[in-house]
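Dear colleague,

Please find below the structure that I am handing over to you, followed by a summary of what was found in it.

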Amino acid sequence: MGNHCEGGEVPGQTFDRMLGFLKKPVVVTAEINLSLVALTVVGLMSRLWGLSYPRAVVFDEVYYGQFVSLYMKRIFFVDDSGPPLGHMLLALGGYLGGFDGNFLWNRIGAEYSTNVPVCSLRFLPALAGALCIPLAYQILVELRFSHCAALGAALLILLENSLITQSRFMLLESILIFFILLAVLSYLKFYNLQRHSSFSGRWWFWLLLSGVACSCAVGVKYMGLFTYMLLLVIAGLHFWHMLGDQNLSNVSLVCHFLARGLTLLIIPVATYLSFFYVHLTLLYRSGPHDQIMTSAFQASLEGGLARITQGQPLEVAYGSQITLRNVLGKPMQCWLHSHTNTYPIRYENGRGSSHQQQVTCYPFKDVNNWWIVKDPGMQQLVVSNPPRPVRHGHIVQLVHGITTRYLNTHDVAAPLSPHSQEVSCYIDYNISMPAQNLWRVEIVNRESDTDVWKTILSEVRFVHVNTSAVLKLSGASLPEWGYRQLEVVGEKLSKGYHQSMVWNVEEHRYGKSQEQKEREVELHSPTRMDISKNLSFMAKFTELQWKILTLKNEDTEHKYSSSALDWITMDTNIAYWLHPTSGAQIHLLGNVCTWASANVAAVVYTCLSLWYLIRRRRKIYDIPEDAWQLWVSAGQICVGGWVVNYLPFFLMEKTLFLYHYLPALTFQILLIPIVLQHLSDHLCRSLLSKSMFSALTVAWFSSVCFAYRTFSPVTYGEPLSVAELKDLRWKDSWNILIRKQGH
């Protein structure tokens with residue numbers, strides 16, 4: 001018999017070959033940088049060791065802890081200091097530790113109760129602080145500097161007392177610095193893959209991670225925006241150089257441009273929006289902060305206004321009973337209000353008034369906030385069947401529910417705003433002062449000119465028919481005769497509109513009774529309309545983002561506040577915690593030697609760069625071209641990072657603290673080993689000079705270690721005697737707390 005499989009393999013052999021890989025062990029080889037692993041382990045120990053000590057509220061934990069508790073209870077809040085990602089990460093630590101949110105965050109130094117998982121709350125900032133050490137190492141490697149320089153950068157971050165202190169508590173700076181360094185490292189890795197691995201999986205991964213990390217940095221604190229803008233500028237410069245590369249086709253350049261636009265602009269914006277989406281999803285309950293939001297936003301929260309407004313009619317009709325809230329919400333939220341008291345015949349400055357019934361804006365819910373929308377052509381004050389909705393441009397009269405007097409304005413000066421008209425409820429004194437009580441409804445946020453006036457959702461202006469004045473909250477507080485309530489005026493010459501001129505219906509019911517007594521006790525209509533469904537996520541995001549950017553707390557002088565000039569030379573410190581009996585205390589103090597060296601490195605880099613630029617202009621090249629490119633790229637990241645994270649504080653009108661300098665300091669620290677390596681490689685020409693420079697570097701690093709050890713007691717909160725505390729006051733401007741007794 002012949003070979004029936006001639007020209008091919010025997011089926012058994014094919015099967016054996018397919019399963020051949022099972023006969024050998026699967027081997028994975030990996031390169032492990034033991035130096036990097038050791039640095040990471042030591043960094044974790046330095047940041048995580050004794051994390052639950054002190055078991056008391058430390059400095060700004062009193063501030064951030066309140067938000068963690070609100071997250072645990074799902075209660076809405078607004079924090080004007082920045083976006084929600086940082087707060088959510090701190091709350092994640094509390095959630096993982098089983099925190100129920102029950103703790104009164106009212107003073108620094110208060111002992112934590114047993115239900116507060118202190119270690120868990122502080123874990124994520126400490127972890128982020130520890131991971132900054134390997135990130136620093138990797139950044140210098142990607143900048144094409146030596147392993148020795150990268151090791152030096154990591155050790156300097158490891159031994160920086162201020163970074164240790166800031167990362168060991170429930171604070172946000174270490175998380176911010178982590179995302180900043182991650183963004184820089186990711187971009188550098190992407191850029192270094194550019195030449196030989198464009199559009200590969202790793203290329204896309206690092207580019208995408210760079211954009212996401214930038215978004216996370218901005219999501220923790222708006223200070224992250226500075227580094228994000230720096231990376232966008234660097235990416236723009238790199239792309240500009242690519243345009244001159246004749247080896248790249250037009251299609252390839254367009255693809256590169258679109259890839260950067262997608263990953264560095266579109267995805268970061270989408271990621272940023274997702275932080276708010278999670279934030280608003282988690283915080284669905286009404287709380288103390290929702291009063292500064294619009295009525296529509298408040299109605300979308302569970303409890304609070306939603307309890308009152310649930311089931312009320314959506315469309316305002318003739319005969320509707322309404323309360324009108326001013327949209328501005330400043331100086332406080334308030335509702336259009338009237339009471340039986342009249343304006344004084346003469347004011348203190350001698351000016352006269354109409355002596356009509358007062359109309360004010362009252363910051364509390366009250367029965368005198370209710371008004372009835374009346375059709376001027378009819379006498380009835382009830383809603384007809386079917387209801388006749390009020391539309392944009394309709395003329396109405398507003399009747400005060402309790403006193404049944406009509407909202408009125410006329411050519412009489414307002415009590416505190418003499419250039420505006422007085423607004424009153426009309427009383428007929430049988431004198432030559434006729435009623436002027438017709439108002440045109442203008443829906444500011446209408447989609448068409450036939451829009452119906454809607455409860456909560458519509459923002460309206462009331463334009464006086466006779467004088468064209470607009471009903472406006474002036475914001476001034478009336479004297480005693482007006483019970484300190486806020487002044488309402490008729491604003492003339494109203495081009496455009498301001499939020500003080502805009503009102504929205506908050507509470508609403510369809511009036512059913514003509515009798516005044518019965519009208520006063522009328523209940524809400526059972527008509528069901530869930531208004532919260534009409535408020536989209538983007539509408540809520542836009543409002544919340546605007547509040548975060550515009551809401552300003554009173555900036556008061558703080559004992560430990562400082563100016564940006566104090567930071568460079570560390571002329572200031574912050575006492576974070578003081579033990580009530582022993583001398584143990586924790587201060588935000590940096591490693592003196594590192595801070596001074598960072599300043600020297602910045603000066604040396606600047607002077608050398610200027611010297612090289614002038615010489616290169618004269619066609620004199622002191623260093624090779626690749627070394628020059630290395631020097632410039634390092635400066636873009638390190639000097640640029642320091643500049644963009646430091647100089648903006650000179651323009652800010654806010655209370656500043658030393659910890660605001662830490663992101664800038666981190667970039668400046670990375671510059672130290674870069675300058676040292678450059679001096680060693682290019683200025684130390686002989687073997688002797690290199691040896692001497694190495695010896696000086698070792699001596700300098702020993703002083704860094706000495707400074708770290710000297711100040712570690714106030715970094716970790718070790719007990720100290722009065723004499724030891726006095727020895728730590730290296731500068732007279734430092735506020736080291738020394739008790740009178742020695743124990």
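How much of the accessible surface of the chain belongs to carbon and sulfur atoms? The share is 61%, out of an accessible surface of about 35000 Å². Please bear in mind throughout that this is a predicted model.

Regarding overall form, the chain contains 21 helices and 14 strands. Its C-alpha trace spans about 110 × 105 × 65 Å along the principal axes. The radius of gyration is 34 Å, whereas a compact globule of 743 residues would have a value near 27 Å. Of the contacts between residues at least 6 apart in sequence, 74% join residues that are at least 24 apart.

Turning to the interior, 52% of the 743 residues are buried. In soluble globular proteins, nonpolar side chains tend to be buried together. The largest nonpolar core in this model comprises 162 residues, and those with the most contacts inside it are Phe76, Ile139, Phe179, Ile574 and Tyr576. Helix α8, covering residues 173–193, gives the most to this core, with 15 residues. Beyond its neighbours within four places in sequence, Phe179 is in contact with Leu85, Leu89, Ala213, Cys216, Ala217 and Val220. There is also a second, separate core of 30 residues, including Tyr347, Val441, Leu473 and Leu486.

Yours sincerely

Note on methods:
Residues are numbered from 1 along each chain as its sequence is written. This is a predicted model: local features need pLDDT of at least 70, side-chain atom pairs count only at pLDDT 80 or more; totals for chains, interfaces and linings use all residues. Side-chain values use heavy atoms; hydrogens and water are left out. Helices (H or I, at least four residues) and strands (E, at least two) are DSSP runs, numbered from the N terminus. The radius of gyration is taken over C-alpha atoms; the globule rule is 2.2 Å times the number of residues to the power 0.38. Buried means under 20% relative accessible area, exposed over 50%, partly exposed in between (1.4 Å probe, protein chains only). Contact means heavy atoms within 4.5 Å. Accessible areas come from the Shrake-Rupley method with a 1.4 Å probe; for residues, only the protein chains shown count as cover. A nonpolar core is a set of buried Ala, Val, Leu, Ile, Met, Phe, Trp, Tyr and Cys residues joined through side-chain atoms within 4.5 Å.
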